[in-house]
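My notes are in the order I looked.

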Amino acid sequence: MSERGAAGPGPATIQVSRIMRPDDANIAGNVHGGTVLKMIEEAGAIISTRHCNSGQGEPCVAALARVERTDFLSPMCIGEVANVSAEITYTSKHSVEVQVNVMSENILTGAKKVTNKATLWYVPLSLKNVNKVVEVPPIQYMHKEQEDEGRKRYEEQKLDRLETKQRNGDVILPVINPEPHTVGYSQSSLIHLVGPSDCTLLGFVHGGVTMKLMDEVAGIVAARHCKTNIVTASVDAINFHEKIKKGSVITISGRMTFTSNKSMEIEVFVDADPFVDEPQERYRAVSAFFTYVSLSKEGKPLPVPQLLTESEEEKRRFEEGKGRYLQTKAKRQAQMQQAAQH
């Protein structure tokens, strides 16, 4: 691992590199989106924890609170090296914004390409009292505009987190003898006991571990629907509502909400059952939307079977997913036009 640069207290940029192994990929040799998300989170956790401990405050560990929308710009394959660089771009009194870029490198040819760009938000928690959020040392900005833009992003994500938490009461119920291409046919769940290797120094689950499990479930849903090779295309904002403690049993559930001609939106949420000695009831810990695409054996995009909605609730979720899809499409076209003008 190498580091470079500085902006105020603490390191400004770090880089983490790792070669992709067969157990990081699917049967077609494409690296799992969850593996990439886990590496992104590890780099973010390192730089934000170091920064938060660079002042005179009490020792703390940075906990992941949110990941903004992340696009998977190009697939990564077994044998390539993932170079993950992370930089702190904004700090508020109690949170840190980290921007992460992932570049894949073919070490035989030297060819490199950008595969991911992500923005993560961390909150520093005291080592002495895990429920106490400590103050973040401020960073120095090159221009005042950088601070103003960062503050705007901070206020936007704060509002979005509140809205997401308010609509988080849904549960996924089993369906008897579902028809192919219905929501019930592809919906999936995974149950995981949280062990020490999943956790931070504070005894709570790493955000990257949770995201990897969420991507696995979303991938199963997509594969069941298409019966083809599938890859992660993007992840909408992932909101971490509550910490998950070591020893908890977590249920990661996924269901398809929307299909376009070439993509599928899958809603995934994580519910935690605390350890037997804990009086707390089951709670919703994390939620997100994943988008997948279907690929041929040659890696070409394939048409996606239309999702058959049955209940009024499924139809409502389909229309909401369509709205998100059209919004993202319009935003992408606007960015392309802007880039063409420059």
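What follows is my notes, from the whole chain down to single residues.

**Ground rules.** I am working from a predicted model, where local features need pLDDT of at least 70, side-chain atom pairs count only at pLDDT 80 or more, and totals for chains, interfaces and linings use all residues. Residues are numbered from 1 along each chain as its sequence is written, and side-chain values use heavy atoms, with hydrogens and water left out.

**Whole chain.** Next I checked the radius of gyration: the chain has 20 Å, which agrees with the value near 20 Å for a compact globule of 342 residues. That radius is taken over C-alpha atoms, and the globule rule is 2.2 Å times the number of residues to the power 0.38. The C-alpha trace spans about 60 × 55 × 40 Å along its principal axes.

I also looked at burial, and 48% of the 342 residues count as buried (under 20% relative accessible area; exposed is over 50%, partly exposed in between, with a 1.4 Å probe and protein chains only). For contacts (heavy atoms within 4.5 Å) with a separation of 6 or more, 74% come from residues 24 or more positions apart.

Which residues does UniProt list here? The unreviewed entry gives Asn26 and Asp215 for "active site"; such annotations may be inferred rather than shown by experiment, the feature names are shortened, and the positions are in the numbering used here. They are spread over 190 residues of sequence yet cluster in space, with a largest C-alpha distance of 12.1 Å.

I then followed asparagine 26, which is in the loop between strand S2 (11–19) and helix H1 (33–52). Is it buried or exposed? Asparagine 26 counts as buried because its relative accessible area is 18%. Leaving out residues up to four places away in sequence, asparagine 26 touches His32, Asn229, Ile230 and Val231.

**Positive phi.** Asparagine 177 has phi near 45°, in the loop between helix H2 (144–166) and helix H3 (183–186). Lysine 227 has phi of about 60° and is in the loop between helix H4 (207–226) and strand S9 (229–235). Asparagine 177 counts as exposed at 68% relative accessibility, and lysine 227 counts as exposed at 58%.

Technical notes. Helix = DSSP H or I, 4+ residues; strand = E, 2+ residues; numbered from the N terminus.
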